[in-house]
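Student: Hi, could we go through this structure together?
Tutor: Happy to, let's take a look.

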Amino acid sequence: MSKDKTITDASLVERVKQGDTQAMEAIVERYSNKVYNLAYHLTRDPTASEEIMQDVFLTVLSKIHTLNNNAYFSTWLYRVTTNAAYAHMRDSRKVKKNLEDLRVKDLEKDTSQIYDWSSLPEDILLSDESKQILKDAIDSLPEPMRIVVLMKDVEGLKNEDIAKTLGLSLPAVKSRLHRARLLLRESLSNYFKKYATARPGGEQSEM
Amino acid sequence: MRCSQCIELFDDYIDGVLTRDTMEKIQAHLRECKHCRVIFHTYSLTIRLSKSCETFNTLSKERIKKLKQTLTRSLRMENKEM
Ligand SMILES: [Zn+2]
């Protein structure tokens, strides 16, 4: 079995196109956890994510001949994954209804919090507790924002791919992302403000 | 530049897709406006912390083996059809 990281996706894909099962196994080694995790982040459902993962690889395998540029394999794979996860969510969570509801109350109020918690030490910033606060905050975002911030900031997909996958314009993706980040920042500010007085080293507000 | 305009552009500023002129206006605003500077720092850090939320589940060896078997079957079948 080939575990060599130096083999490019493109050459593996080319071999799969010719029916090479070893190359296919190498692709599974390389991407199955990534596909699973992306599906899991989007659906929060471990069982569904395993099914999605299997469906995604079967879909990709059956359509691999339609991929013109082998180098775009991973982008394509993630797009198939998000589409499948998204379809699952649409069925199970009635996402579509929520998609219309993008209004967020009092975004302006958000900007009134001016404690600079970015100067806190890493062990506080990256504590299990603060990660949990952030995860809960992501989960409680309005669905359209949650999906975008998960794809972009958590999973690291490109704006263009997110737009294509969700059928949105690029500006719509960016605007959702920006609003989501401001809301998450607000949640984190609420959590970290308990350190505001305890740590006078942080940048204090003059306003 | 007003504070609200500055904050609206954080995303593009971080992505580095703005014109040089706009970049400089934001930098100038951030230098003189502590309010926006704090929001900028914490906004950037929020993005960084989100990345750390990537709870990486690892599939069992058994599960991956099963997947490979399914795919191998499917690939062999397809090759026969061709
Ligand atoms: Zn300002």
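**A buried serine and a chain contact**

Tutor: Let's begin with Ser130(A), which is buried, with a relative accessible area of 2%. Buried here means under 20% relative accessible area, exposed over 50% and partly exposed in between, with a 1.4 Å probe and protein chains only.

Student: Before we go on, what am I looking at?
Tutor: This is a predicted model, where local features need pLDDT of at least 70 and side-chain atom pairs count only at pLDDT 80 or more, while totals for chains, interfaces and linings use all residues. Residues are numbered from 1 along each chain as its sequence is written, chains are lettered from A and ligands numbered from 1 in the order in which they are written, and side-chain values use heavy atoms, with hydrogens and water left out.

Student: Thanks! Where is the place of Ser130(A)?
Tutor: Ser130(A) sits in helix H8 of chain A, residues 128–139. Helices are DSSP runs of H or I with at least four residues, strands are runs of E with at least two, and both are numbered from the N terminus.

Student: And which backbone oxygen does the side chain of Ser130(A) reach at 2.6 Å?
Tutor: That of Leu125(A). A polar atom of the Ser130(A) side chain also lies 3.3 Å from the backbone oxygen of Ile124(A).

Student: What else does Ser130(A) touch?
Tutor: Leaving out residues up to four places away in sequence, Ser130(A) touches Leu188(A), Tyr191(A) and Phe192(A), along with Ile124(A) and Leu125(A). Contact means heavy atoms within 4.5 Å.

Student: Zooming out, how many helices and strands are in chain A?
Tutor: Chain A has 12 helices and 0 strands. Of its 207 residues, 51% count as buried.

Student: How many salt bridges between chain B and chain A?
Tutor: There are 7, a salt bridge being a side-chain nitrogen of Lys or Arg within 4 Å of a carboxyl oxygen of Asp or Glu. One of them pairs Glu8(B) with Arg179(A), with the closest N and O atoms 3.4 Å apart.

Notes
Polar contact = N/O pair within 3.5 Å; in protein donor to acceptor, adjacent residues only side chain to side chain.
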